[in-house]
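Student: I would like to learn how to read the side-chain and backbone features of a model. Where do we start?

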Amino acid sequence: MSNKRAHPDARLLDAGLYGKVDVPQATHRSPGPAVRKRPASTPPDQLTKLRARLKTAEETLRAIQSGEVDALMVSGPRGEQVVSLQGGEPSYRMLVEAMSEGAATLSRDGAVLYCNRRFRELIGRPPGKIVGIAVQSLVAKTDRDRFEVLLADAQKAVVKGEFNLRCTNGLIPVYLSLNPFRGYKGHALGMVITDLSEQKRIQVAEIKQAEAMHRLLLEHTLSAQEEERRRIARELHDEAGQLLTALLVGLRTLEDARKLADVKVQGRRLREIAAQAIDEVGRLARGLHPTVLDDHGLDVALSRYASEYTKTHNIDVDLNLNELDSSNLPSTVQIALYRILQEALTNVARHSGAKSVSIEFARLATAMEVVVIDDGCGFDAMAVAVSSQRLGIQSMRERAAMLGGTISFTSRRKGTRILVQIPLPDQPLAGQRNT
């Protein structure tokens with residue numbers, strides 16, 4: 001064999017005489033393989049072989065003495081056996097011991113030949129109770145069949161997978177990466193173990209938070225639906241109902257009229273009442289769903305809504321559509337932007353005390369951007385960012401997120417700025433603005 005220094009991943013050596021080296025450094029030093037004396041009369045070919053074996057033995061002993069070998073795997077009557085050797089602490093060993101990831105060297109059948117400090121900490125066992133045992137016994141029973149497949153595949157290539165390892169405190173989720181040590185005929189495997197406990201804990205916390213937010217939004221939606229039904233019922237009774245009642249009374253009065261002039265006067269009045277009733281029913285219908293959004297698009301729907309908003313709340317709305325062509329926008333994007341802006345303006349009217357609001361649209365390369373700015377009293381944007389009670393704002397976030405978009409809030413003592421960005425298909429429009 002060659003007496004080149006072993007591969008730094010695991011110092012292994014082919015002894016040639018009785019077996020192959022297959023184990024990293026351990027704790028016991030074993031003498032080199034014995035060489036039998038050559039008989040007095042030896043044929044030339046046998047003499048050549050014996051000289052070669054003698055040279056191999058000498059190189060093996062030299063490698064052991066120089067610390068280039070950690071262990072030998074010797075073939076004998078009982079099969080292959082591991083003979084560990086004691087050597088110095090090379091720099092690579094100190095590096096492996098200092099790793100934040102677990103690391104181990106395995107025999108091809110899964111026996112732990114070496115493990116670093118982090119691996120011992122993960123398992124919660126001392127070195128004497130880890131080295132020599134089958135790593136399969138450290139894997140959860142439900143994962144062992146899958147791990148056996150991974151171990152077999154690792155003889156030929158790098159393999160990876162998630163498993164649960166047994167430790168003193170139960171099971172811990174880990175990510176395993178196994179690879180064969182090159183140049184050693186598949187007799188040794190390297191294994192790196194990444195603890196996923198914290199990552200899994202964060203994922204579980206995020207899932208729970210998302211579920212809690214989903215429940216809150218569902219409750220908010222149901223509550224909003226009930227409140228909307230109550231509002232519509234009141235307005236139907238107080239507005240449309242009263243108008244229809246007045247129309248009915250007027251028709252009865254019309255029956256009792258004796259003069260044509262009185263009939264004409266009463267007819268004009270009834271026509272005005274009927275027109276008011278139609279307008280009121282239309283207003284209620286637009287509140288439920290703006291049909292103008294379906295018929296004419298987002299630009300016309302927002303223009304009408306802004307006009308009605310100004311009349312109702314006495315708040316000036318400066319709507320700058322920048323020649324928005326809503327026909328190029330998907331209907332889902334139009335509905336989402338309409339509802340987001342509707343919610344934003346509702347919050348301005350309820351909470352800000354603002355006198356004016358500006359809304360500006362801009363078509364970017366691959367997104368639609370909308371900026372809403374008011375001159376109201378503002379609010380604590382950081383508190384709102386982590387609050388689950390501002391369900392109107394959470395609803396705006398959810399609508400944007402459903403389309404892969406984002407919404408952010410910037411607020412000071414006076415004024416609030418809302419930035420909405422909704423991604424669009426990469427289909428540039430004429431006159432679009434690039435940033």
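Tutor: Start with burial: buried means under 20% relative accessible area, exposed means over 50%, and partly exposed lies in between, for a 1.4 Å probe and protein chains only. Tyr-305 is buried, because its relative accessible area is 18%. This is a predicted model, in which local features need pLDDT of at least 70, side-chain atom pairs count only at pLDDT 80 or more, and totals for chains, interfaces and linings use all residues. Residues are numbered from 1 along each chain as its sequence is written, and side-chain values use heavy atoms, with hydrogens and water left out.

Student: How many salt bridges are there, and what is the rule for counting them?

Tutor: A salt bridge is a side-chain nitrogen of Lys or Arg within 4 Å of a carboxyl oxygen of Asp or Glu. The rule gives six of them. One joins Arg-117 to Glu-121, with N and O 2.8 Å apart. Another joins Arg-146 to Asp-143, at 3.4 Å from N to O. In the latter, Arg-146 is partly exposed at 42% relative accessible area, while Asp-143 is buried at 7%.

Student: Where do Arg-117 and Glu-121 lie in the secondary structure?

Tutor: Helices (H or I, at least four residues) and strands (E, at least two) are DSSP runs, numbered from the N terminus. An α-helix has 3.6 residues a turn, so residues three or four places apart point the same way. Arg-117 and Glu-121 are both in helix α3 (residues 117-123), four residues apart, about one turn of the helix. Arg-117 is partly exposed, with 33% relative accessible area, and Glu-121 is partly exposed too, with 44%.

Student: Which partner does Arg-201 have in its salt bridge?

Tutor: The partner is Glu-198, and the closest N and O atoms are 2.6 Å apart. Helix α5 (residues 197-256) holds both Arg-201 and Glu-198, three residues apart, about one turn of the helix. Arg-201 counts as partly exposed at 49% relative accessibility, as does Glu-198 at 45%. Elsewhere, salt bridges with shared partners connect Arg-117, Arg-118, Glu-121 and Asp-195 into one network.

Student: What span should helix α9 have, and how far apart are its end C-alpha atoms?

Tutor: The expected span of a helix is 1.5 Å times one less than its number of residues. Helix α9 (residues 331-352) has 22 residues and should therefore span 32 Å; its end C-alpha atoms are 30 Å apart, which agrees. Just after α9, Gly-353 has a positive phi of about 70°.

Student: How should I read the pairing of strands β4 and β5?

Tutor: Two strands pair if DSSP finds at least two bridges between them. Strand β4 (residues 102-107) pairs with strand β5 (residues 112-115) in the antiparallel sense, over three bridges. Ala-104 has Cys-115 in β5 as its bridge partner. Four residues separate the strands of this hairpin, and Gly-110 there takes a positive phi near 100°.

Student: How many aromatic pairs does a search of the whole structure find?

Tutor: A pair of aromatic rings is described by the distance of the centres and the angle of the planes. Rings of Phe, Tyr and Trp (its six-membered ring) pair if their centres lie within 6.5 Å; planes under 30 degrees apart count as stacked, over 60 as edge-to-face and the rest as tilted. The search finds three pairs. Phe-147 and Phe-163 have ring centres 5.7 Å apart and planes at 85°, so this pair is edge-to-face. The pair links distant parts of the chain, 16 residues apart: Phe-147 is in helix α4 (residues 144-153) and Phe-163 in strand β6 (residues 159-167). Phe-147 is buried at 1% relative accessibility, and Phe-163 is buried at 3%. Tyr-305 and Tyr-338 also form an edge-to-face pair, at 5.9 Å centre to centre and 65° between the planes. Tyr-305 lies in helix α8 (residues 298-313) and Tyr-338 in helix α9, 33 residues apart, so this pair too links distant parts of the chain. Tyr-338 is buried, at 4% relative accessibility. Tyr-305, Tyr-309 and Tyr-338 make up one aromatic cluster.

Student: Which residue lies over the face of Phe-163?

Tutor: A charge sits over a ring if NZ of Lys or CZ of Arg is within 6 Å of the ring centre and within 35 degrees of the ring normal. Arg-146 lies over the face of Phe-163, 4.2 Å from the ring centre.
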